[in-house]
Amino acid sequence: MTISPISRRHLLQAGLAGAGLSLLGARPGRAASAVNFQLSWLHSVQFGGSYIAQSKGYWADQGLEVTLSPGGPNAPVEPPVVAGTALMGISAADYTAAAVANGAPFKILAVAMQNNPFTIASLPGNPVHEPKDLMGKKIGMATANTPVLQALCEINGVDMSAIEIVPTQYDAAPLVAGQVDCLLCWLTDLPVAMTMQGIDNVTMLMADFGYAVHSQTYIATEDSLKNRRAELLALLKGEVAGWRDYKADTDAAAALTVEMFPDAGLDLATQKLQAERQIPLMFSDLTEAHGFGWWSEDTVAANIETLGLLGRKVSADLWDRSLLEEIYSS
Amino acid sequence: MRHLLGALAILMLWQGAALLLEGRFLLAGPWDVARYMAEHAGLLGRALRITLLEAFLGFVIGNGAALILAVTVILLPRLQALIGAVALLVFCLPLVATGPILRVLWGPGIGPQVTLAALAVYYTSFLPLVVGLRAAPASWFDLVESYGRGPFTALVIIRLRACLPYFFAGLQIAAPAAFLGAMVGEFTGAERGMGVLAIRAMRALDVEATWALASLAAGVSILFYSALGAVGHRLFPDRPALILSAQSSAQPDNWVLGMLRAVALGLASLITMLLLWWAMMELGDVNRFFGKRPADIWHFLVTAPEAAAHRATLWQAAQDTLRYTLPGYGMGLALGLGLAAIFTLFPTIAAGVLPLAIALRAIPIVTTAPLIVLALGRGATGTITIVAVMIFFPTLVAALQGMRQAPGQVLDLFDSYGASRFTRLILAQIPAMLPAFFAAARMAVPAAILAVTVAEWLATGSGLGNLMALTASTSDYNMLWSSTALVTLLAGLGYALVAMVEKRVLAEMAPEQGIGP
Amino acid sequence: MSPRDMTEASAPPEVICRDLSMRFGRGKTAVQALQPTDLTLAPGSMTALVGPSGCGKSTLLRLIAGLEHPSSGQVEIDGDSPRRIRRAGQLAVAFQDPSLLPWRSLRSNVALARHLARLPKDREKVADLIAKVGLAGFERHRPAALSGGMRQRAAIARCLATDPRLLLLDEPFGAVDELTRRRLNIDLPKLWQARGVTGLLVTHSVHEAVLLADRVLVMSPRPGEIIADIPVPLGRLRNARTSLPEFAQTVAQVNAHLSQSAALP
């Protein structure tokens, strides 16, 4: 029953790696090399750029056959990358840092979300516009995210003990039902869901208040970076091209997503709104100047500081920009 | 007719509650649910098809494994205790932790869904099979032996056929469990299926979709449960009453000897589990980053410098979990028993309610948990109730069926003295019920642990269930494996404890019902 | 089967029990089921074993069949262990209950014996036996659809389906009513008496023992031992001769031994 990723990798190293051929993809009569790309959540327009790369053949053109593996509430994201069943994965700086602390040899190759999508969502009648407004409120969130709230409070000098945390499942019902005053969630899901249901809501993006944690980061192992560099380069190139198209027409990206995954239960209007809301998180002056996925020493420094507040000690060499530099220099 | 009225009453209650809660995005009434189903028939149909396929494959594989295990136990009776204990421990593995591990082992595809479905069914099929494979008079085996044929011939000619009614009863319980396993398996990163849609619907605040999916899952479970029940009833009209009976072993004369034997068995199964764990990791060549070995966990919990802190975290979570599990377990058993007693005293109520209770038993916990949390909140009450509900239905059904085991002549004797219903209940029906009740109480232990860890993971955010979900997302795999091992150990210990009480009580109260061959 | 087996296949075996005893359990709770017993069953003879309940009759029969292992002594069947004759498919045992598999038809139950004895299928023989035990027309019936007496007859048919050389009957008519029992006592012996078999019949009916056997052994209450060995001075197929004084005398003789043993402390 067990697939043996490691032995597969040994085989690769033994002979096939040089030829840039993965054993998995070495199907007869096809030169394409097959790689698995581990997404961090269920299929949705969140990964719209990747779907564009897939459907427009940005990967196929480079001889790459990509499988996009969805995530889920109980899905492992980092382990397949460590094990080699996935060449690249989508993580976030905090999760990547945690994995590295536990011995995963990861590098962040690119940053899709320059601004962290964590948001405090509330209702207009009882709004949270800035961190100070949180005091005296009941916030619904997964207790796993307590350090996130802690970091936000610390950055903004808010007394955390004045906030009551109510453990909730990740859905908007408790806020709408009045069980809590606000929710800790992603800008791109629960607020979008509420808007689509006709519920006015107020959002406060934590990134606007100093919470600097790169999200939707592309990760791979040091080993892959060394030995499967060509494939990683091709993967990222496709991503860059895909997200360029995404930015040009988010509606088309949403439509493509719904079309590609008819069984995912996606709603076109919701996907369109989500696609639109994602733009300011992913594209900034920095990406305007240098290209999709880029980061600067300054943003990394800010990340290291926030990660420190989250209890994660990392150094700047967690970020490896060499692939991006190679892509944008040509 | 009565069932129809019962179902109608539920539908009306449901619609009423929906109207009451309108605009709070908690509850969609049957009318909205039906409309949603009609409008999205294609989507739901495709999702149902894939989840059913996963469940079916898991069902076949899980029951096949159960059959192989049971046959092994029959042919090698010396291994019975060990195989039984290890099979139980594997069954107790928390799916919050096994899900991601299976996903890593399998990679993309339906592997984890099928495996979780198989894991969800094999134990509840294994137990009745072991009983069923022995459910034949000794003279049949003498007959085979008198022609010089061995155990294998007896297996083929007698046992495999004699076990069919028991096997069928096991299959009936397995069908909803397989569906649940497949749905939860989809949480580990599936492309499509009911589980995928359920996550999406909850996040999108799509109450109609959420309830449509819950209703569909419940409906499918009830359907398969009832269908298998009907087929089984047709094929084997005399259904076995006690399908999850203990595997009886000769009572040792000496109490101390019995204890020693139990301890030896515990140790042997522990060592076997550790070996299986280690072998699985080594043979699968699973990466040490997440595929921790027993030695890693030993280091993490015992020899590492921060071991004390790790143990404290683990212990704190375990205490939280136990705080919910124990009252929920007790409440579930007590309610099931109490209601069974009331139904026995007033049989007219039972006739209407029992089919409903049997059907409700089939509804998977992923469906019930959020609803209960909605109703009772995310605190202790909600979690305890989830545990209690998980245990309540099987206990009620088992206790009621058990009370019917009271021999007719004994009841006639009571009647001939004009004894009251209550006397009859206390002196005849409750003692007759004990074996069935304890069988249910034993199986309720893993069920309670499953319920509490799922509730902690999805709702309350505390305890071992939460710790497992949390450590999986932050790559703290040492803690994840430690929690997994602890949960499994607790479930195994709880089961053994109930089995011990069972043995003592049955020896006192119902020696003639000493179960097994 | 070796050529030697083939030549012997039709000849009834000699059964010799030497110093055979059986003790169940250990320590204080041990039960002596059978006192050390010596016994020889002559080839081709039918021996009846009578005695009070629990005296060890069935135990003795099971020891000869090799279904139990003796605490002491041994059983020799043609100079070999019971295992050999079982393996050769030349033993047939009729148990106290008919032991028909409820999910098989009558025909299939009878045919099962041949399957178990590794003999080729023989539909005609099975049909013939079913007819001979008076069950023609019931071939497709399941045991549940048959009366107690019919089931007993089916069990006898099954016993004979393999042409056994050694036939052990453990109260095969114990569970049927008296009328049926008499009918069976008349009908069935013809079937095995026509062939050469060595037989042992355990029964608690003295009438039956004298009717069916060439020799009647009387056992004492537990711990059982053989206290009398009474030859039956009548030819076979004696059902027409039950009115003869010899029959009544033999019955009286057996009864006397039985009551004498029962009077012991």
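Reply: Chain B contains 21 helices and zero strands, where helices (H or I, at least four residues) and strands (E, at least two) are DSSP runs, numbered from the N terminus. The model is predicted: local features need pLDDT of at least 70 and side-chain atom pairs count only at pLDDT 80 or more, while totals for chains, interfaces and linings use all residues. Residues are numbered from 1 along each chain as its sequence is written, chains are lettered from A and ligands numbered from 1 in the order in which they are written, and side-chain values use heavy atoms, with hydrogens and water left out.

Chain B has 517 residues, and 55% of them count as buried (under 20% relative accessible area; exposed is over 50%, and partly exposed lies in between, with a 1.4 Å probe and protein chains only). Its contacts (heavy atoms within 4.5 Å) can be sorted by sequence separation: among those between residues at least 6 apart in chain B, 78% join residues at least 24 apart.

Gly29(B) lies in the loop between α1 (2–20) and α2 (30–39) of chain B. With a relative accessible area of 2%, Gly29(B) is buried. Leaving aside residues up to four places away in sequence, Gly29(B) touches Trp14(B), Gln15(B) and Ala18(B). The C-alpha atom of Gly29(B) is separated by 9.4 Å from that of Leu13(B), 16 residues apart along the chain.

Chain C, by contrast, comes to 10 helices and nine strands. Its radius of gyration is 18 Å, close to the 18 Å that the globule rule gives for 265 residues, so chain C is as compact as a globular protein of that length (the radius is taken over C-alpha atoms, and the rule is 2.2 Å times the number of residues to the power 0.38). Its C-alpha atoms fill a box of roughly 55 × 45 × 35 Å along the principal axes, and 50% of its residues count as buried. In chain C, Asp163(C) has a positive phi of about 50° although it is not a glycine. Asp163(C) sits in the loop between α6 (148–160) and β6 (166–170) and, at a relative accessible area of 37%, is partly exposed.

Chain A has 14 helices and 10 strands. A compact globule of 330 residues would have a radius of gyration near 20 Å, and the 20 Å of chain A agrees with this. The C-alpha trace of chain A spans about 65 × 45 × 40 Å along its principal axes, and buried residues make up 58% of the chain. Among its contacts between residues at least 6 apart in sequence, 79% join residues at least 24 apart.

Over all chains, the count comes to 21 aromatic pairs (rings of Phe, Tyr and Trp, the last by its six-membered ring, pair if their centres lie within 6.5 Å; planes under 30 degrees apart count as stacked, over 60 as edge-to-face and the rest as tilted). One of these pairs joins Phe37(A) and Tyr218(A), which are stacked at 6.1 Å centre to centre with 25° between the planes. This pair links distant parts of the chain: Phe37(A) belongs to strand β1 (residues 33–38), and Tyr218(A) to strand β10 (residues 215–221). Although 181 residues apart along the chain, the two have C-alpha atoms separated by 9.8 Å.

Both partners are buried, and Tyr218(A) has a relative accessible area of 0%. The two rings also belong to one aromatic cluster, formed by Phe37(A), Trp59(A), Tyr218(A), Trp243(A), Tyr246(A), Phe283(A) and Phe292(A).

Gln216(A) has its place in strand β10 as well. Its phi is positive, about 45°, although Gln216(A) is not a glycine. At 1% relative accessibility, Gln216(A) counts as buried.
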